[in-house]
Each structure stands twice: as C-alpha cells, then as structure tokens.
Amino acid sequence: MYIVGDKDAVPLGETVRSGQVQIDPTAGEDLRKQLQAQIDQVDSWIQRANTSIARPAPLGANPVGDKMRDKFTHRAEGEQYSFVSVMTAYRTVLEQTKNSIVEAIGNFQALDEDQQAELKKHMGNS
C-alpha cells in the first residue's frame, strides 16, 4: 500500500516505520479488525480453491481429458495469475497493511506518552 504525497508515492510501511504516520488506537483497532476479517475471508477462499477448484475435473481417462484436467488445475493453482496465486498475493498485502496499522497505533501511543511526559516535566517546573 502506498501513500501519495506531493512528489512521489511512498510505501505505507516505510512512512509508518519512520514515525510519520500515527493512528488513534480506537480508529486503528477498527481498521485492524476489518483487515483481519478480510484476511480471514481470503484464507477461506484459498482453502476452498485448494479443495474444490484445483481438484481434477472428471473428464475421463483419455489424452484430451488428461490435458484439459491438467490445464484447469494449473490455472486454478499453478500459474502466476491463477486464482490461488492472486489471492495469496492479495493476502500478503492485507497482512502488511494490518501490520502497518498496528505499528501506526504504537506510534500514536508513543507520541502520546512523550507528550504527557513533556507536559508533566513543564508542569513540575512551573
């Protein structure tokens, strides 16, 4: 996932790691839950694809049936743009985004703690 700024697109993870992105814990947790729900859905689709879509089609024991069965199975799970490959890549992006959200929540909490400590320091010196 990328954040688009004035000049160039920057990977979300990079801006989060640098501390430039913070998310309120309440809003961030809602977003994290939504991402996790989508990850769970994708896991379900991949599981079903592995057990049903990729299952060899009953096309008979002959050279044409064998070739077609192999072709369909390969398209379901073996090619770069197969359903399983695309969904696995999508799941990876969802997981990375969820991890960035968790880290951005941590950034918010760290900033909040730093500001509280600074405020206490100034109040104590008054």
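1. Buried means under 20% relative accessible area. Serine 100 has 9% relative accessibility and therefore counts as buried. Its place is in helix α4. Leaving aside residues up to four places away in sequence, serine 100 touches Leu12, Gly13 and Val16. This is a predicted model, and the points below should be read with that in mind.

2. Confidence comes next. The protein chain has a mean pLDDT of 82. Of its residues, 79% reach 70 or more. Strand β1, residues 2–4, has the lowest confidence in the chain, at a mean of 48. Helix α2, residues 25–53, has the highest, at 91.

3. The fold is quickly described. The protein chain holds four helices and two strands. Along the sequence the order is β-β-α-α-α-α. Helix α4 spans residues 83–125. Contacts also deserve a remark. Of those between residues at least 6 apart in sequence, 61% join residues at least 24 apart.

4. Now burial and surface for the whole chain. There are 126 residues, and buried ones make up 22% of them. The accessible surface of the chain is about 8,900 Å². Carbon and sulfur atoms account for 54% of that surface.

5. Is lysine 98 buried or exposed? Its relative accessible area is 12%, so lysine 98 is buried. The cut-off is under 20%. Lysine 98 is found in helix α4. Beyond residues up to four places away in sequence, lysine 98 touches Arg32, Leu35, Gln36 and Ile39.

6. Which residue forms a salt bridge with lysine 98 at 3.4 Å? The partner is glutamate 95, with that distance taken between the closest N and O atoms. Both residues lie in helix α4. They are three residues apart, about one turn of the helix. Side chains of opposite charge can pair when their charged atoms come close.

7. Arginine 91 has 26% relative accessibility and so counts as partly exposed.

8. These pairs belong to a network. Asp43, Arg91, Glu95 and Lys98 are linked by salt bridges. The structure holds five salt bridges.

9. The cut-off for a salt bridge is within 4 Å. Glutamate 118 is partly exposed, with a relative accessible area of 36%. Lysine 121 is also partly exposed, at 46% relative accessibility.

Methods: Residues numbered from 1 in each chain as written. Predicted model: local features only at pLDDT ≥ 70, side-chain atom pairs only at ≥ 80, totals over all residues. Heavy atoms only, no water. Buried < 20%, exposed > 50% of the residue type's maximum accessible area, 1.4 Å probe, protein only. Contact = heavy atoms within 4.5 Å. Areas by Shrake-Rupley, 256 points an atom, 1.4 Å probe, with all protein chains shown as cover. pLDDT = per-residue confidence, 0-100. Salt bridge = Lys/Arg side-chain N within 4 Å of Asp/Glu carboxyl O.
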